[in-house]
Amino acid sequence: MSRAIVIVLLVLAAAVSSAATVLIINTKASNQPALTEEQRAVREKLFGSGKELPPIKDGQEMRPRW
């Protein structure tokens, strides 16, 4: 075999294996919910409610209070 054929086969094998890895990871990730109810309750207990923050008013700046 020539060197070009070996390089093409290696690149093709790398592409197929990376595509298979992506497909396997995506199927495993889609089966699990983002957070369980228990995790969601603990997060709300620690960080407050799960609601979004109100929008920033005009003229109000986001600076740390040091």
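**Exercise 1. Classify Leu10: buried or exposed?**

Solution. Start with the number: Leu10 has 58% relative accessibility. Next, apply the cut-offs: buried means under 20% relative accessible area, exposed over 50%, partly exposed in between (1.4 Å probe, protein chains only). Leu10 therefore counts as exposed. Helices (H or I, at least four residues) and strands (E, at least two) are DSSP runs, numbered from the N terminus.

The model is predicted: local features need pLDDT of at least 70, side-chain atom pairs count only at pLDDT 80 or more, and totals for chains, interfaces and linings use all residues. Residues are numbered from 1 along each chain as its sequence is written, and side-chain values use heavy atoms, with hydrogens and water left out.

**Exercise 2. Find which residues meet in a salt bridge, and say where they lie.**

Solution. Take the criterion: a side-chain nitrogen of Lys or Arg within 4 Å of a carboxyl oxygen of Asp or Glu. The structure holds one such bridge. Its partners are the side chains of Glu37 and Arg40, at 2.9 Å, N to O. Both residues lie in helix H2, residues 37–47. They are three residues apart, about one turn of the helix. Now check exposure: Glu37 is exposed at 60% relative accessible area, while Arg40 is partly exposed at 27%.

**Exercise 3. Describe the protein chain as a whole: how many helices and strands does the secondary structure come to, and what percentage of residues count as buried?**

Solution. Count the elements: two helices and zero strands. Then take burial: of the 66 residues, 0% count as buried.
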